[in-house]
Amino acid sequence: MESITKARKICHLLLRFLAFGATLSAVIVMATSHEKASVLVFQFEAKYTNTPAFKYFVIANSLVTVYGFLVLFLPPESFLWRLAVATDLVFTMLLVSSISAALAIAQVGKKGNSHAAWLPICNSVPKFCNQVTGALVAGAIAMIIYMILLLNSIHRVLDPLILRKC
């Protein structure tokens with residue numbers, strides 16, 4: 001039984017470390033995405049700060065990265081783990097909303113919107129679009145890991161409560 005508990009703790013720590021790495025990667029890749037292009041006589045620079053959804057993505061992933069780093073040092077037997085369930089839920093939903101917003105804008109950048117007469121820009125700035133795609137993939141991986149961590153945290157907190165009532 002002790003080896004199972006130790007294996008769970010190691011797996012949980014590994015998942016938290018992977019989530020930290022994924023959110024950190026998403027921030028770095030998105031924050032470094034920029035490219036200059038010329039269309040006819042117009043020059044423009046595509047960068048994440050031009051789009052509020054991409055800024056929100058970077059801010060949200062930055063917050064989750066800091067949280068993920070701090071939780072790595074939280075003692076497993078601490079009462080604060082019950083608080084971690086609530087904060088895992090909040091930060092998972094923050095990741096979901098930021099990825100959703102950034103993905104919607106990325107889709108418009110890639111495909112455009114003929115109804116609004118918005119042209120796609122990814123043909124003009126492919127490096128920028130590829131970096132945004134990479135950041136979104138890293139963010140999605142982090143979101144999936146945080147969902148798994150959330151389910152695991154809920155199980156860890158509720159399991160002893162359920163067993164006490166039986």
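Predicted model: local features only at pLDDT ≥ 70, side-chain atom pairs only at ≥ 80, totals over all residues.
Start with the record. The unreviewed UniProt entry carries the annotation "transmembrane region" for residues 12-33, 53-74, 86-106 and 134-154. Now look at two of these spans in the model. Residues 53-74 are 91% helix and 0% strand. Residues 134-154 are 100% helix and 0% strand. Here the end C-alpha atoms are 30 Å apart.

Next, find the strands. Strand S1 covers residues 34-39, and strand S2 covers residues 42-47. S1 and S2 pair in the antiparallel sense, over six bridges. Together S1 and S2 form a hairpin, with two residues between the strands. Leu 40 sits in the turn and has a positive phi of about 60°.

Now move on to two helices. Two packed helices are described by the angle between their axes and the distance between the axes. Take helix H2, residues 52-72, and helix H3, residues 80-111. Their axes come within 9 Å and cross at roughly 155°. Why is the pair H2 and H3 called roughly antiparallel? Angles over 145 degrees count as roughly antiparallel, and the crossing angle of H2 and H3 is roughly 155°. So H2 is roughly antiparallel to H3. The crossing of H2 past H3 is left-handed. What kinds of residues make up this contact? The contact of H2 with H3 has 19 nonpolar residues, four polar residues and one charged residue.

Methods: Residues numbered from 1 in each chain as written. Heavy atoms only, no water. UniProt positions renumbered as here; feature names shortened; annotations may be inferred. Helix = DSSP H or I, 4+ residues; strand = E, 2+ residues; numbered from the N terminus. Axes fitted to C-alpha atoms, helices over the stretch in contact; angles between N-to-C directions. Parallel < 35°, antiparallel > 145°, perpendicular 65-115°, else oblique. Left-handed = near helix turned anticlockwise from the far one by under 90°. Nonpolar A, V, L, I, M, F, W, Y, C, P; charged D, E, K, R; others polar. Pairing = 2+ DSSP bridges.
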